[in-house]
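We will go from one stop to the next together.

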Amino acid sequence: MLFLFYIVMMRKTIYFILPVFFLCSLNLVAQTDSIPVALHTIAEKRVKEYRNLVNNSITKNLSLKLTASTEEDWESAFAAMELLLYRTAWTDDRIRLAFDSIEKRREGFQRAAIELAYTMQNKSFETAVQRLMLQTGNSKVFAMCAEYLLLCNSNPSVIAKISKRAANLVNNSMDESSMDESSFAIISGLGNRLKEKQKPLFAKLDLMPFFEPDYLKGNIIIYSIQRKNRNYPGISIVRNKNGEFFADETGAVFSVPQLARSISNLPGYLTNGNTPQGIFRVDGFAISKSAFIGPTENIQLTMPNEYTPAHFMKDSSVTDTILTPAYYAKLVPEALKNYQPIYESYLAGKSGRTEIIAHGTAVNPAYYIHQPYYPLTPTQGCLSTREAWGAVDGKRTVSDQQKLVNAVKAAGGPDGYCIVIEMDDRQEPVSLHEILPYLKK
């Protein structure tokens, strides 16, 4: 059932964990294992999948009368529409019906409806969402309402209205001692977004502090360097434990395109949003049973606060049970300790986001043929690389993910950190030649 798309897409559903013991190398090792197969990618099954999603998950479910008992059916339709980026005049009418009564719906439905409208860039529901924003006491629903309103119009009056409502929620919760850490993190993430709307942070970030030879020395580092506009793919490069950047068989610095965009394109502090900027712990390989992720090895990443502080800090002497900002800051380059965006992964972890990984894809790229990131496919917040599968036999024919996994293995294995960072807001994919000057320094 397609509502499982929300659950399965980014889950770290582990088929088995692969213990890896590889010597360091500066050359890409050849793949010696058997070629993975994803039978659901065969052309005939792709056609059936699309037809089933449209006829059953979307048309059939949205044809049901919207009641408390059919909300989950509608949410399943929303998920399928996001996956396919499917929109017609009829679906617009049905979604309008959902927003007509959105204040009466449960919070999960409210979030799903707003996420769909945001994904589709459908700005028709500003009035209904504004009413809900002023009414809801749920921090996540409030923040999603705010982000949708900012999508529609980010003028000073809208920002002021959102800021006032956020302050009221915080003040009321303090009076009642009712706002938990997750809610505070969400409000903080929204607050950072509002500040940036009023005063953009940078034209171009100096990445050099991340590439200093002594930065996180003794750890492998996967760098995922992105644009602020996540419609454009970034690139991933790998550094070994000695501070050397991994090279391909030609001797050039290894890199693969990598997408950090979620299907919704919501900001990273929110569930199902883009991959947050910041630091992630790299802690293993796995193979997922998700049909969306596919059978290629994925790289397991840990969010701040997903497990213990000792795990995230790679320090068994840490006995605290909560990863504080001070702990996280120890992993941030000295020159950037006051740079707020690098703490987005910390806020996302505090807000409850988990199970963000780096993986390949078995999603049909044809769904996104008109998007700037094609042939890469968006996720629900993970880092995604390009893969292609045989239309006749389902065998893997292209895999940047396997190249990345092999690079990590050769660099010392999946034990270190992943840095996700936006370098600027140029409206084009990130290229390796933009990064090479930092490496030469």
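Which residues have the most contacts inside the largest nonpolar core? Select F78, F99, Y148 and I162: these are the ones, in a core of 62 residues. A nonpolar core here is a set of buried Ala, Val, Leu, Ile, Met, Phe, Trp, Tyr and Cys residues joined through side-chain atoms within 4.5 Å, where buried means under 20% relative accessible area with a 1.4 Å probe, protein chains only.

A word on the model: it is predicted, with local features needing pLDDT of at least 70, side-chain atom pairs counting only at pLDDT 80 or more, and totals for chains, interfaces and linings using all residues. Residues are numbered from 1 along each chain as its sequence is written, and side-chain values use heavy atoms, leaving out hydrogens and water.

Next, colour the helices (DSSP runs of H or I, at least four residues, numbered from the N terminus). Among those supplying at least two residues each to this core are α2 (43-62), α5 (107-119) and α8 (156-176). The most comes from α7, with 11 residues.

Now centre on I162. Leaving aside residues up to four places away in sequence, I162 touches M133, F142, A146, L149, L150, L190 and L194, contact meaning heavy atoms within 4.5 Å.

For the second stop, pick M208, I221, F245 and I435, which belong to a separate core of 37 residues.

Finally, show α5 with α7. They pack at an angle of about 20°, their axes 10 Å apart, axes being lines fitted to C-alpha atoms over the stretch in contact, and angles running from 0 to 180 degrees between N-to-C directions. The pair is therefore roughly parallel, a term for angles under 35 degrees. Residues to select at this contact include I114 and Y118 of α5 and M144 and Y148 of α7.

Notes: Buried means under 20% relative accessible area, exposed over 50%, partly exposed in between (1.4 Å probe, protein chains only). Angles under 35 degrees count as roughly parallel, over 145 as roughly antiparallel, 65 to 115 as roughly perpendicular and the rest as oblique.
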